[in-house]
Amino acid sequence: LRTLVTRLADSTAARFPAAVVPPLPVGALDAPALAAWLRSLGVACGTSAGTPPPPMFLVLDEVEQLLSQPPEKLGRALDVLATLVGRLRSAVAEPSSPHAGSAVGVVFCAALHPLLWAPLATLGGQSLMGTFPSICVPALDGDAARSMMQGLGGQQGIRFDDEALAALVRESHGVPLLLRRLGTSVLELYDSDRARQGALGAVRIGIEGATEAIRREARGGSPLRVWVESEIAAPDGSAGLMLRALARADRVPVATLQKLVEAQVIERFTSSGLDSHLSPTELKRRAQEAASVMIRLVAESRLLEAHGDLTMPEAYSLPPGLLRAILS
């Protein structure tokens with residue numbers, strides 16, 4: 001909370017130089033103190049600019065790191081998360097000033113994790129996922145992915161043949177970081193030092209260079225492969241569990257994916273001791289809800305191909321590409 005307050009004060013000083021930033025709160029930073037400080041900050045911004053208080057936007061990234069603590073520390077970690085969420089939720093529920101309702105938005109960014117459905121005390125036993133709306137970060141469609149690579153290449157005077165560009169987009173599944181890493185790998189075939197410095201110069205990339213870069217990044221120990229195995233599809237994560245199952249089969253029924261994720265959620269609650277705070281019926285309900293939401297979010301990311309009724313698919317498959325090649 002103090003980090004967020006400090007960041008907001010720094011942002012205000014940069015965006016509203018004439019604003020008199022209120023002193024940072026001292027003592028206990030509970031919900032009333034946080035709300036009062038946010039109101040003062042909003043008024044200071046509005047007064048200096050002669051406008052209503054501006055909206056504030058807070059982003060808390062990598063929340064899953066908090067949930068990945070060993071069992072002996074997990075209880076404390078969940079207490080911290082519950083306190084943080086509860087105070088933010090209470091504080092931002094009020095307008096930033098008496099005369100204008102300036103919005104304060106809070107976004108939690110996290111990889112899909114079973115304990116996002118853990119009961120939090122300050123939310124009345126509700127979970128983070130059950131309390132806040134959820135969105136996913138989709139992969140790019142073909143046109144957007146091609147435009148991205150052409151734009152990045154154009155900054156260095158680099159042009160991709162149509163065939164090479166299509167191969168890079170296809171193999172990356174449209175995931176921006178995978179696509180960018182493939183582009184970097186292509187450039188490193190020519191001059192790795194100058195490529196890393198963004199000073200390679202005018203180069204035209206053909207299918208041969210693209211194919212070799214794809215082959216290099218599929219090898220064990222490559223930056224792209226390490227990132228896929230540890231981030232996109234970590235073996236102990238729900239997304240990784242699904243993607244690895246999909247990579248080993250032509251298609252996987254939705255019911256099978258549901259059972260896989262349900263079992264993982266129940267196992268994680270049991271190993272962490274959280275199952276003792278829930279009745280068997282409630283634990284089962286949370287596991288089913290978690291599985292349904294996780295499958296939907298991974299499907300909405302555009303990584304998967306749906307089979308059957310598109311509004312309610314009966315199965316999914318992972319199209320050919322580097323994800324499938326690495327995880328299979």
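Start at the largest cavity, which has a volume of about 40 Å³. A cavity here is a set of points on a 1 Å grid over the protein atoms alone where a 1.4 Å probe fits but cannot get out. Grid points are joined across faces, edges and corners, and a volume is the space filled by probe spheres set on the points. By this rule there are 2 cavities of 30 Å³ or more.

This is a predicted model: local features need pLDDT of at least 70, side-chain atom pairs count only at pLDDT 80 or more, and totals for chains, interfaces and linings use all residues. Residues are numbered from 1 along each chain as its sequence is written, and side-chain values use heavy atoms, with hydrogens and water left out.

**Select the cavity lining.** Pick Leu1, Leu4, Val5, Leu8, Leu34, Leu38, Leu58 and Leu88. Lining residues have an atom within 4 Å of a point. By class, the lining has 8 nonpolar, no polar and no charged residues. Nonpolar means Ala, Val, Leu, Ile, Met, Phe, Trp, Tyr, Cys and Pro; charged means Asp, Glu, Lys and Arg; the others, Gly among them, are polar. H1 gives the largest share, 3 residues.

**Select H2, residues 31-49.** Helices (H or I, at least four residues) and strands (E, at least two) are DSSP runs, numbered from the N terminus. The expected span is 1.5 Å times one less than the number of residues. For the 19 residues of H2 that gives 27 Å, and the end C-alpha atoms are 27 Å apart, which agrees. At its start, a side-chain oxygen of Asp30 reaches to within 3.0 Å of the backbone nitrogen of Ala33. After H2 comes Gly50, with a positive phi near 70°.

**Move to the largest pocket.** A pocket is an open set with protein on both sides within 12 Å along at least five of seven lines. This one has a volume of about 1600 Å³. Of its 43 lining residues, Cys109, Ala110, Ala111, Leu112 and Val137 are closest to the centre. The lining divides into 28 nonpolar, 9 polar and 6 charged.

**Finish at the second largest pocket.** About 230 Å³ of space lies here. Centre on Leu152, Gln156, Arg180, Thr184 and Leu187, which lie nearest its centre among 12 lining residues. H8 gives the most to this lining, with 5 residues.

How values were computed:
A polar contact is a pair of N or O atoms within 3.5 Å; within protein, one must be able to donate a hydrogen and the other to accept it, and residues adjacent in sequence count only if both atoms are side-chain atoms.
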